[in-house]
Amino acid sequence: MINTKNRPDRHTETIPAGKRVAFCRCWQSDKFPYCDGTHREVNAEQDDDVGPVIVGAEAESSDE
Ligand code: FES
């Protein structure tokens, strides 16, 4: 079981145009669903290699 902190299994986020957000994939972040760097400890403890997924929203074009 990886979701040991019983985080919600789904969430919806809106990313502002031009921003990037790092989402946690180790399920251990205290700022879940955002990555807070805890995955480094998880990787060291469990000899794993997990990290965040970084999602970006393109800035809106001023041409439109
Ligand atoms: S804290 Fe979970 S991926 Fe970074």
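Visitor: What is the mean pLDDT of the chain?
Guide: This is a predicted model, in which local features need pLDDT of at least 70, side-chain atom pairs count only at pLDDT 80 or more, and totals for chains, interfaces and linings use all residues. Residues are numbered from 1 along each chain as its sequence is written. pLDDT is the predictor's confidence in each residue, from 0 to 100. In this chain 97% of the residues reach 70 or more, and the mean pLDDT is 92.

Visitor: Which pattern does the chain follow, read along the sequence?
Guide: Helices (H or I, at least four residues) and strands (E, at least two) are DSSP runs, numbered from the N terminus. The chain has 1 helix and 2 strands. Read along the sequence, the pattern is β-α-β.

Visitor: Which element of the chain has the highest mean pLDDT?
Guide: Where pLDDT is low, the predicted coordinates should not be read in detail. Among the elements of the chain, α1 has the lowest mean, 95. The highest, 97, belongs to strand β1 (residues 20–23).

Visitor: What radius of gyration does the chain have?
Guide: The radius of gyration is taken over C-alpha atoms, and the globule rule is 2.2 Å times the number of residues to the power 0.38. The C-alpha trace spans about 50 × 20 × 15 Å along its principal axes. A compact globule of 64 residues would come near 11 Å, but the chain has 14 Å.

Visitor: What percentage of the 64 residues count as buried?
Guide: A residue is buried if 20 or more other C-beta atoms lie within 10 Å of its own, exposed if 12 or fewer, and partly exposed in between; the C-beta atoms are placed from the backbone. By that rule the buried part of the 64 residues is 9%.

Visitor: Is Glu41 buried or exposed?
Guide: Glu41 is found in helix α1 (residues 39–46). Its C-alpha atom is separated by 24 Å from that of Arg10, 31 residues apart along the chain. Because Glu41 has 11 other C-beta atoms within 10 Å, the residue is exposed.

Visitor: How many C-beta neighbours does Ala44 have inside 10 Å?
Guide: Ala44 also lies in helix α1. Ala44 and Pro8 are 36 residues apart in sequence, and 25 Å apart in space, C-alpha to C-alpha. Ala44 counts as exposed because its C-beta neighbours inside 10 Å number 9.

Visitor: Which residues does Val55 contact, leaving aside its neighbours within four places in sequence?
Guide: Val55 is found in strand β2 (residues 53–56), and counts as exposed because it has 12 C-beta neighbours inside 10 Å. The C-alpha atoms of Val55 and Lys19, 36 residues apart along the chain, are separated by 8.5 Å. Two residues are in contact if their C-beta atoms, placed from the backbone, lie within 7 Å. With those neighbours left aside, the contacts of Val55 are Ile15, Arg20, Val21 and Phe23.

Visitor: Among contacts between residues at least 6 apart in sequence, what percentage join residues at least 24 apart?
Guide: The count takes in contacts of the chain between residues at least 6 apart in sequence. Of these, the part that joins residues at least 24 apart is 44%.

Visitor: Which residue does a cis peptide bond join to Phe32?
Guide: Most residues other than glycine have a negative phi, and most peptide bonds are trans. Here omega is about 20° at a cis bond. The second residue lies in the loop between β1 and α1. Phe32 is joined to Pro33.

Visitor: How far apart in space are Arg10 and Pro33, C-alpha to C-alpha?
Guide: Arg10 is in the segment before β1, and is exposed because 6 other C-beta atoms lie within 10 Å. Arg10 and Pro33 are 23 residues apart in sequence. Their distance in space is 9.3 Å.

Visitor: What is the phi of Asn6?
Guide: Asn6 is in the segment before β1. Asn6 is exposed, because 8 other C-beta atoms lie within 10 Å. Its phi is a positive value in a residue other than glycine, near 55°.

Visitor: What is the phi of Trp27?
Guide: Trp27 is in the loop between β1 and α1. Trp27 counts as partly exposed because it has 19 C-beta neighbours inside 10 Å. Its phi is positive, in a residue other than glycine, and is near 70°.
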